[in-house]
Amino acid sequence: MSNTTSQVIGFIGLGVMGEPICRNLATKSGARVVAHDLDAAPLQRLAAHGVQAAPSAADVMRAADIVFLSLPSGEIVAQLCRQDGGLLASARAGQTIVDLSTSAVNTTRELAGEFAALGAQFVDAPVARTRTAAEAGTLAVMVGATPEAFATVEPLIATFASDIALCGPVGCGQVLKILNNMVLFETVVAVSEAKAIGEKAGVDPTVLFDTLSKGSADSFALRNHGMKAVLPGEFPERAFSVLYAHKDLKYALQLARDTGVDARGAAIVDEWFQQAIDSGLGEKYHPVISRLIAGQR
């Protein structure tokens, strides 16, 4: 992209996804990047890539023209924005805040209104795919914004994403992300049920999944979550945990209620996630629910 050395980009939240996203921004955008996180370790690692550490989120807001947020939930985004000395208190006219987190649609739209009253733009741009994709700069990003705001942030998002979609006005990016995850989670349940039934009926699960992948049951979830996690029984921590998945599914169920849709398939997934959390598996990669579906603990 074109040289933007006069531009200052802010970044708040350097967790599993935020750290590699921030690194891609710093190394590919040509802009100066100022970042903040409560944990000093990612800031120390990013310093080698030219990222300047800021002592607080408010300092990031004061320094930057465009500020990216990568936080664990919409509730944390709202708290950080609205608390005393928070992002709203530091916002200024002409500034753009880009929320990469997955948040409730109503929260996103309310915050957008609060920033707009200050002359600032709030863009929702939740990210999809894995930490590996974040490292490689090949995330998928679903954006809710005006066409003008989208034109401003798209070149920056392109430093860490290979698929970028303008989904509609503010909040529509969250709708797409929430529904993407809802469909994924429901498919993981279907894949897990198939493995449990097939295995108990005498079919080798490797043969089962390979054969399904060649038919109409093929899916991204089967080839990735099924073959790489459910089949070998590998559910690491610091992946997309049950706790995070459960949070995202709650947003989907809230959206279903708000729109008057009977989403009973998603409600069943919610029960499996809650059972996994109650069983002490909340920090594990979310396809771990396959163990419960198979009657294991």
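Let me begin with the contacts of Ser192: leaving aside neighbours within four places in sequence, this residue is in contact with Val230, Ser290 and Ile293, where contact means heavy atoms within 4.5 Å. Ser192 has its place in helix H9, residues 172-200. Helices here are DSSP runs of H or I with at least four residues, strands are runs of E with at least two, and both are numbered from the N terminus. Ser192 is buried, with a relative accessible area of 1%. Buried means under 20% relative accessible area, exposed means over 50%, and partly exposed lies in between, for a 1.4 Å probe and protein chains only.

The model is predicted, so local features need pLDDT of at least 70 and side-chain atom pairs count only at pLDDT 80 or more, while totals for chains, interfaces and linings use all residues. Residues are numbered from 1 along each chain as its sequence is written, and side-chain values use heavy atoms, with hydrogens and water left out.

In general, an α-helix has 3.6 residues a turn, so residues three or four places apart point the same way.

UniProt, in an unreviewed entry, places the feature "domain: 3-hydroxyisobutyrate dehydrogenase-like NAD-binding" at residues 171-286. UniProt positions are in the numbering used here, feature names are shortened, and annotations may be inferred rather than shown by experiment. Over residues 171-286 the chain is 70% helix and 0% strand, and the end C-alpha atoms are 25 Å apart. Ala266 lies in helix H13, residues 264-278, and counts as buried at 0% relative accessibility. Not counting residues up to four places away in sequence, Ala266 touches Met182, Glu186, Leu249 and Leu253. Ala266 and Val183 are 83 residues apart in sequence, yet 8.3 Å apart in space, C-alpha to C-alpha.

For residues 9-166, UniProt lists "domain: 6-phosphogluconate dehydrogenase NADP-binding", again from an unreviewed entry. Over residues 9-166 the chain is 43% helix and 23% strand, with the end C-alpha atoms 21 Å apart.

Let us turn to strand E4, residues 66-69. Which way do its side chains point? Ile66 and Phe68 point one way and Val67 and Leu69 the other way, and all are buried. In a regular strand, the side chains alternate between the two faces of the sheet. Strand E1 (residues 8-12) runs parallel to E4 and is joined to it by four bridges; strands pair if DSSP finds at least two bridges between them. E4 also pairs in the parallel sense with strand E5 (residues 96-99), over four bridges. Within these pairings, Phe11 stands opposite Phe68, and Val67 stands opposite Ile97.

How many aromatic pairs does the structure hold? There are five. Rings of Phe, Tyr and Trp (its six-membered ring) pair if their centres lie within 6.5 Å; planes under 30 degrees apart count as stacked, over 60 as edge-to-face, and the rest as tilted. The rings of Phe11 and Phe68 have their centres 6.2 Å apart and their planes at 20°, so the pair is stacked. Because Phe11 lies in strand E1 and Phe68 in strand E4, the pair ties together parts that are 57 residues apart in sequence. Phe11 counts as buried at 0% relative accessibility, and Phe68 counts as buried at 0% too. Ring pairs link Phe11, Phe68 and Phe160 into a cluster.

Finally, I turn to backbone angles. Arg129 has a positive phi of about 95° although it is not a glycine. Arg129 is found in the loop between strand E7 (127-128) and helix H7 (131-136), and is partly exposed at 44% relative accessibility. Arg238 also has a positive phi, near 60°. Arg238 lies in the loop between H11 and helix H12 (242-259), and is exposed, with a relative accessible area of 62%. Most residues other than glycine have a negative phi.
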